[in-house]
Amino acid sequence: MKSAILALAAAAAALSAGCANPQRSRDTANPAVPAVTLAQQVCSNCHGMTGSAVSPNFPNLAAQTQPYLVSQLSGFQSHSRRDPAGFEYMWGLSRHLTSEQIAGLAAYYAGQSPTVQPIEGDSHGIEAGKLIFASGVADKGVPACAACHGPEAKGNEGFPRLAGQHADYLVKQLGVFQRTDERPEGSIMKTVAHGLTQQNIQDVAAYLQAMPSL
Amino acid sequence: MPISIDDARAFVAKHLQPMLAVAMLAGALLPGSAHAIPAFNRQTGQNCVACHAGGQFPELTPYGRLFKMTAYTLGERAMPISAMVVASHSKVADPSKSDDPGADFQKDNKLILATASLLIGGKLTDNIGAFTQITYDPYATQDADGNFHGHSNADNIDIRYADRFISGSRDLIFGVSANNNPSVSDPWNTAAAWMQYVPVPSPTGSRFIDGNAPYPGYGAGGNIAGLTAYAYWNQTLYAEIGGYGTSRGMSSFMSAGLDGASTTKLRGVNPYWRLALNHEWGPHNLMVGAAGMTARVYDDPLDTSDPASTHKFTDLSLDAQYQYLLDPHAVTAQFVYTRNHHRYPAALADQPAPFFDASGAATLANTNAEDTNHVLRARLSYVYQATYGGSVGLFSLTGTTNTANQTAGYDSTGTLVRADGPASNLSGNPATKGWTLEAFCMPIQYARVGLQYTIYTRFNDASTNYDGLGRNARDNNTLFFYTWLAY
């Protein structure tokens, strides 16, 4: 029994000293692990292999703008972004990423083909969402989303791509902006989204999810 | 005597409220962020909900399954030790119908420290990780004076190596697991080793809680040594194959703490296999699978000299699991059916029955050469905001009648005797059916308090008078309260 434990301990020590495998590693604290490896071995578990997440619990990252991805990963790392969906999953994974790895991850996802989602929600809602996206809600002081996110919602530098995003994720994040200060880097959205009703939010989210297919 | 609403109310006031208060206080004092939590959380820095469906450990999310299949290596090396403690209280509907209620229901209606575990787990290298559990049972043995004595031994052990080949749209995980319990390596919680999700305390007072009701299992049991190899292709097809033998020599740590008489002795290498199909779409995921094992177990663990003295168990399982996971909702539906075939060693087959007929004059049929049992388990659970949850479970065991199963019967004078207290079996048939209802709360992510009520509609193949002395299946209905802490 004792010899077995000693043999196991010795084997474990030898393995941990000499068996790093950076090309297929899931180590989130090793600067030698390439960003593409992290994307494939770690991030893909939730966000999909090419940045298209199966579950709406997790945002699609494919074709997202590089500056936005860098700002979010940096925000998770510094804990400035602290919405529950963010800190529950992302604080720990991002805590020891190097700036090179963050830049590499952002470049990897920015370079992927955009996600095409199924169209969900009724056509009236999607039409109403389209109107809000293109023109805002004038009497509530809500500006057009397209003004910052682009006419095709492809995003623009720090303004994220919204086209093809999970509607459920968009609805929840608009709620975070409206009701909390958990995403200070997006504080402009608190003012922008202030006048949106829950129905407005659901409509615009349904439109954006369907967008690449429309 | 059935449990009344007043009984339940008094039970909650006496035990649930103070323990909830303690859990709430702990919640207020402990940091609410993703720091300083059990070993895997320290390693990934993530909350329990990332890997556990609705935070309901040990049930895994698709992400948790990938974490396990990639050998617990995601994240960074961290302090690998966690502890787990379960305190519980159970109250059986009728402890009076028994030859010796004091001995048969010793810890009934008493708060006990049910079990404590030390968990050592996590990333060792980029490809190797472990999940090992050492469990302390405060009620492991009982001396002649009726005092219980505690004991620690190896519980679940899973040490694995995995590699993942991923590019474009192709994804292949390949791994090897050294483990001590068939299906403990399985990533789905319908596996026999994981379906029973609340630890079972030993004391006799808790013998009728859900954890002791029929569960699917492999005839080989645990504390054996196995090596399995598995592959998971495109997150769609899972296949695992391996073999188990006696834990000895280099693998003796798999049964550490158990003496020779308590260690399962297997003849040769015994095959285990598992196939599962998985599909994920939107917030849904579905698995349908099958698993099986053939095991030859020596009748006497202390005498393995005669190869003919082995029981041969052949187990086949069909299982399915559906999950809907979209914050704040987590729904899980599970189904398992297991067919267990048991062939007795020749020396135990076709033997005179231990009991007589009611007159005491004629002997009963000889014991069987083989038995077949069928276990069915289904469970539906819901968790809201990873905090409040509930479940409904169904269990059904049916099987062959065998006079060897009888633990109650007539002796040669025609007197009815019971050899297994209130669980004594007069029919020789194991059929036991019922339901379990549960409500639970996780005030903080490392604590769960739960209240279960287990309802028996059939026990030892009878709904009434199953022991011949008037004990009914419903007399075993049990209210069970537990607090489960992991840190």
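This is a predicted model: local features need pLDDT of at least 70, side-chain atom pairs count only at pLDDT 80 or more; totals for chains, interfaces and linings use all residues.
Local features need pLDDT of at least 70 and side-chain atom pairs count only at pLDDT 80 or more, while totals for chains, interfaces and linings use all residues. Residues are numbered from 1 along each chain as its sequence is written, and chains are lettered from A in the order in which they are written.

**View 1. Chain B against chain A.** 36 residues of chain B are in contact with 37 residues of chain A (contact: C-beta atoms, placed from the backbone, within 7 Å). On chain B, α3 (48-51), α4 (62-69), β4 (148-167), β8 (270-281) and β10 (310-326) each give two or more residues. Elements are DSSP runs, numbered from the N terminus: helices are H or I, at least four residues; strands are E, at least two. β4(B) supplies the largest share, three residues. This side of chain B divides into 16 nonpolar, 13 polar and seven charged residues (charged: Asp, Glu, Lys and Arg; nonpolar: Ala, Val, Leu, Ile, Met, Phe, Trp, Tyr, Cys and Pro; polar: the others, Gly among them).

**View 2. Helix α2(A) packed on α5(A).** The axes of α2 (residues 35-47) and α5 (residues 99-110) of chain A lie 8 Å apart, at about 65° (lines fitted to C-alpha atoms over the stretch in contact; angles from 0 to 180 degrees between N-to-C directions). α2(A) is therefore roughly perpendicular to α5(A) (65 to 115 degrees). A35(A), V36(A), L38(A) and A39(A) meet Q101(A), G104(A), L105(A) and Y108(A). The contact holds six nonpolar, two polar and no charged residues.

**View 3. E100(A) in helix α5 of chain A.** E100(A) counts as exposed because it has 11 C-beta neighbours inside 10 Å (exposed: 12 or fewer other C-beta atoms within 10 Å). P31(A) is 69 residues apart from E100(A) along the chain, yet their C-alpha atoms are separated by 8.5 Å.

Definitions and conventions:
Two residues are in contact if their C-beta atoms, placed from the backbone, lie within 7 Å. Angles under 35 degrees count as roughly parallel, over 145 as roughly antiparallel, 65 to 115 as roughly perpendicular and the rest as oblique. A residue is buried if 20 or more other C-beta atoms lie within 10 Å of its own, exposed if 12 or fewer, and partly exposed in between; C-beta atoms are placed from the backbone.
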